[in-house]
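Try each task before you read its solution.

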Amino acid sequence: MATLTNDMYKQIDRHLESIYENSVALAGKISQAGLDSKSQMRGFETLVNSTSRFSEIKNFIKNQAGKEGRQSSGWRQIAADMLTHLDAIESEAAKISNDDPEQLMAAKLRLARGWSKQVICHFLYSRPQER
Amino acid sequence: MNQELSRYLQSSEFRNFCDVDLYTMACNAAKRIIDTMQTEGLKPAKRAQIQSITSIVQAFQMEGLLELAKSQKDKNSKKENKQFWTLIYQHIEDLNDQNSLRPFVRRFLSERHIVREEKQLESKAEQSRQKTLNNEAIWALLNAITPDYIEHFTSHYYYLTLGVQHG
C-alpha cells in the first residue's frame, strides 16, 4: 500500500482530534444500544485493523445489523450512525489524499483505524461506570 | 488476458473502483430490487436465497450466478423467489438496461479501449476474432469484480431488509 506523506499524516491526526468528541458520543450510543458483549466490539476492532478495504468495514456493520435474532438489535440501533461517521471519514480521506488513487485507500484506512480506536476505547472505558 | 486489462486489475485505480464505485452500484442494485418487489406487493427474498448467491459465486464466479439465476427464475414456484431471481438475472444480463452489469462492464472497457466495436471492422473474420476478444475481456472483468460486488450487494440487502431501524 502507498506511503502517505508527512503532511497527510498530520492532516489525518488533526482530523482525528477534531472528531474526538463525536467518537465519544458514538461510544455512548453503542453502550446505550445494549451491545453488552465486549467481544462484539473487539471483533469490529480486529476487522478494522486487519482489512485492506475500507468498504469491508461498512459491510461488516451492515451484516451485523442485518442478522436475524436478538443479538443484532443493538447493531441495528447504531448502524446508521456508524455508517454516517464512515461516510464522513471517506470524504475527508478524499480531500487529504487529493483523490490520488495510490494514497486514497491508505488515508481512508488510517482514518478509520484512528476513529475506531477512539470509539472502542471510550466504549470500554464507559462500560464499568454504567454498571 | 488483455495486457491493458491485466495491468488495470493490479492497479490502485481498480482497488478504489471496487471500494467506492462498485460499492455504490451494488447498494443501488440491492435497493432497486427490494423497491421493485415492494411495488409489486412482494416481500423481499428470504436470507437463504441471498446466501445461495454468496455460495455460488465462491465456487463458480459470475457465470455460476447467472446459471443459478436462470434456473431459479424458470423453475421456482414461490412468487417472491421467482421474481427475485428474475430481477437478479436481469441485473446481470439485461443488455437494454444500462444499469445492468454486463452492459456496464462493456461500456467501462470500451472507454478504456479494451473492448472495441466489432461492426467497425471490415472482414467477418476480424469481427469474429474481435467478438471473442471482447467477450474474454468482459468475463475477465466481471469475474474480477464479482467477489467485492456480491459482498457489497448482500450486505446492503441484509441491511435494508433487517438492519435499518424502523420507528
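The exercises below concern a predicted model.

**Exercise 1. Describe how H2(A) packs against H5(A).**

Solution. 
- Start with the geometry. Helix H2 of chain A covers residues 20-32, and its axis lies 10 Å from that of H5(A). The angle between them is about 160°.
- Now classify the angle. Angles over 145 degrees count as roughly antiparallel, so H2(A) is roughly antiparallel to H5(A).
- H2(A) and H5(A) cross in a left-handed way.
- Name the residues. H2(A) brings A:Leu26, A:Lys29 and A:Ile30. They meet A:Ile78, A:Asp81 and A:His85 of H5(A).
- Sort them by class. This contact of H2(A) with H5(A) has 3 nonpolar, 1 polar and 2 charged residues.

**Exercise 2. Work out which parts of chain A touch chain B.**

Solution. 
- Count both sides. Chain A gives 18 residues to the contact, and chain B gives 17 residues.
- Locate the side from chain A. Helices H4 (54-65), H5 (73-96) and H6 (101-130) of chain A each supply at least two residues.
- Find the main supplier. H4(A) gives the largest share, 6 residues.
- The side of chain A that touches chain B holds 8 nonpolar, 5 polar and 5 charged residues.

**Exercise 3. Outline the fold of chain B.**

Solution. 
- List the elements. Chain B has 6 helices and 0 strands. From the N terminus, the order is α-α-α-α-α-α.
- The C-alpha trace of chain B spans about 60 × 35 × 30 Å along its principal axes.
- Chain B has 167 residues, of which 31% count as buried.
- Look at contact range. Among contacts in chain B between residues at least 6 apart in sequence, 60% link residues at least 24 apart.

Terms used: Residues are numbered from 1 along each chain as its sequence is written. Chains are lettered from A and ligands numbered from 1 in the order in which they are written. This is a predicted model: local features need pLDDT of at least 70, side-chain atom pairs count only at pLDDT 80 or more; totals for chains, interfaces and linings use all residues. Two residues are in contact if their C-beta atoms, placed from the backbone, lie within 7 Å. Helices (H or I, at least four residues) and strands (E, at least two) are DSSP runs, numbered from the N terminus. Ala, Val, Leu, Ile, Met, Phe, Trp, Tyr, Cys and Pro count as nonpolar, Asp, Glu, Lys and Arg as charged, and the others, Gly among them, as polar. A residue is buried if 20 or more other C-beta atoms lie within 10 Å of its own, exposed if 12 or fewer, and partly exposed in between; C-beta atoms are placed from the backbone. Axes are lines fitted to C-alpha atoms, for helices over the stretch in contact, and angles run from 0 to 180 degrees between N-to-C directions. Angles under 35 degrees count as roughly parallel, over 145 as roughly antiparallel, 65 to 115 as roughly perpendicular and the rest as oblique. A crossing is left-handed if the near helix is turned anticlockwise from the far one by less than a right angle, and right-handed if clockwise.
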